[in-house]
Amino acid sequence: MGDAMLDVRDLRKVYEAAGRRVEAVRDLSFTVGAGELVCLVGPSGCGKTTLLRCVGGLLTPTAGEVLLRGRRVTGPPPGLAFVFQEYGRSLFPWMRVGENVELPLRQKRLTRDARRVLVADALRSVGLADTAGAYPWQLSGGMQQRVAIARALAYEPDVLLMDEPFAAVDAQTRADLEDLVRALWRERGITVLFVTHDIDEAVYLGQRVVVLSASPTVVQEELEIDLPLERDQLTTRVAPRFAELRTRVYRQIQAAKRGTAVEKTDAADQAPSAT
Ligand code: ADP
Ligand code: MG
């Protein structure tokens with residue numbers, strides 16, 4: 001697992017505006033090791049986006065801190081890339097796909113040729129080698145989200161933060177994109193923090209799943225996903241162990257909604273009972 005790449009310590013975020021006060025994140029601590037793929041799962045509105053924005057330096061925590069390689073995050077750090085939920089709003093419609101992917105590279109001191117190589121390589125990695133000249137609106141939703149992933153990859157980040165990136169695409173595309181994330185993670189050794197409200201997605205993707213409570217958010221449980229490294233949509237999702245793990249996470253989320261804790265003992269090893 002390596003050293004901690006991300007260290008979230010006692011993070012708290014309270015939104016205050018016009019007399020309204022929303023405690024979104026109460027007290028969150030967890031770490032992500034270098035090269036790990038960790039999924040954060042929790043109900044809608046539980047503070048996942050808030051948390052990820054704090055991790056990425058886009059929001060300042062009310063209390064606590066986020067450390068990236070031991071250094072406190074105070075703004076968007078270099079080496080960190082985001083993929084957001086709304087691909088429709090994250091790509092510029094007036095720029096071609098290639099230009100969209102190249103955009104963040106302008107911050108780096110690279111020659112034009114070096115940028116081109118990175119863009120071409122990233123588009124190839126997501127299976128869109130031929131689309132550099134197209135406009136985002138000429139592509140399907142799933143393809144646009146691939147472009148957003150390519151843009152993040154071209155930047156060659158150490159850490160990739162993904163905020164429900166596949167929530168708005170159809171099921172088949174979503175399955176393909178999940179496999180793409182695992183393949184890229186394995187090929188490139190990037191540290192990935194992947195946020196989703198989808199329990200199956202979290203278990204399918206993650207090496208570890210951090211289960212969040214309802215807002216104000218705390219960590220309900222952390223679970224090792226001891227499924228094989230090679231996963232595929234057909235066999236992994238019907239494996240008995242997959243069912244056990246998803247049941248475990250499901251129960252934790254239900255318990256989190258009620259504000260109770262599920263026994264941390266061996267429940268994950270037992271066959272799920274009918275509920
Ligand atoms: P999630 O991503 O898990 O759906 P969010 O982080 O978007 O959750 O929101 C967590 C809570 O914080 C919600 O109650 C939401 O209404 C509130 N919230 C989010 N953003 C703001 C904001 N800018 N101002 C005030 N409240 C906010
Ligand atoms: Mg969100």
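1. By class, the lining of the largest pocket consists of 13 nonpolar, two polar and one charged residues, where Ala, Val, Leu, Ile, Met, Phe, Trp, Tyr, Cys and Pro count as nonpolar, Asp, Glu, Lys and Arg as charged, and the others, Gly among them, as polar. The 16 lining residues include L80, A81, F82, P104 and Q107, which lie nearest the centre of this pocket. The elements giving two or more residues to this lining are β6 (80–83) and α5; helices (H or I, at least four residues) and strands (E, at least two) are DSSP runs, numbered from the N terminus. The space in the largest pocket comes to about 440 Å³. A pocket is here an open set of points on a 1 Å grid over the protein atoms alone, with protein on both sides within 12 Å along at least five of seven lines, whereas a cavity is a set of points where a 1.4 Å probe fits but cannot get out, and lining residues have an atom within 4 Å of a point. Grid points are joined across faces, edges and corners, and a volume is the space filled by probe spheres set on the points.

2. On the basis of the note, this is a predicted model, in which local features need pLDDT of at least 70, side-chain atom pairs count only at pLDDT 80 or more, and totals for chains, interfaces and linings use all residues. Residues are numbered from 1 along each chain as its sequence is written, chains are lettered from A and ligands numbered from 1 in the order in which they are written, and side-chain values use heavy atoms, with hydrogens and water left out.

3. The second largest pocket holds about 210 Å³ of space, and its lining is made up of L68, R69, R71, R72, V73, T74, G75, P77, P78, G79, D158 and V159. By class, these divide into five nonpolar, three polar and four charged residues. One of the lining residues, R69, sits in the loop between β4 (63–68) and β5 (71–72) and has a positive phi of about 50° although it is not a glycine. R69 counts as exposed because its relative accessibility is 53%, the classes being buried for under 20% relative accessible area, exposed for over 50% and partly exposed in between (1.4 Å probe, protein chains only).

4. A positive phi, of about 40°, is also found at E164, which is not a glycine. E164 lies in the loop between β7 and α6 and is buried, with a relative accessible area of 10%.

5. The structure holds one cavity of 30 Å³ or more, and about 50 Å³ of space lies in the largest cavity. Its lining is formed by I149, L153, L160, M162, V181, L184, W185, I190 and V192, which divide into nine nonpolar, no polar and no charged residues. At least two lining residues come from each of α5 (141–154), β7 (159–163) and α6 (171–188), and α6 gives the largest share, three residues.

6. M5 belongs to strand β1 (residues 4–17) and is buried, with a relative accessible area of 6%.

7. Around ligand 1 are Y15, V22, A24, P43, S44, G45, C46, G47, K48, T49 and T50, a residue being near a molecule if one of its heavy atoms lies within 4 Å of it. A polar side-chain atom of Y15 lies 3.4 Å from a nitrogen atom of ligand 1, while oxygen atoms of the ligand are 2.8 Å from an N or O atom in the side chain of T49 and 2.5 Å from one in the side chain of T50.

8. V22, listed among the residues around ligand 1, is found in strand β2 (residues 20–33) and counts as partly exposed, at 28% relative accessibility. V22 and D7 are 15 residues apart in sequence and 24 Å apart in space, C-alpha to C-alpha.

9. The structure holds zero disulfides, a disulfide being a pair of cysteine sulfur atoms within 2.5 Å. C39 is in no disulfide, and the nearest cysteine sulfur, that of C46, is 14 Å away; C39 is also buried, with a relative accessible area of 0%. For C46, the closest cysteine sulfur is in C54, at 13 Å, which is too far for a bond, and C46 counts as buried at 1% relative accessibility.

Key. Polar contact = N/O pair within 3.5 Å; in protein donor to acceptor, adjacent residues only side chain to side chain.
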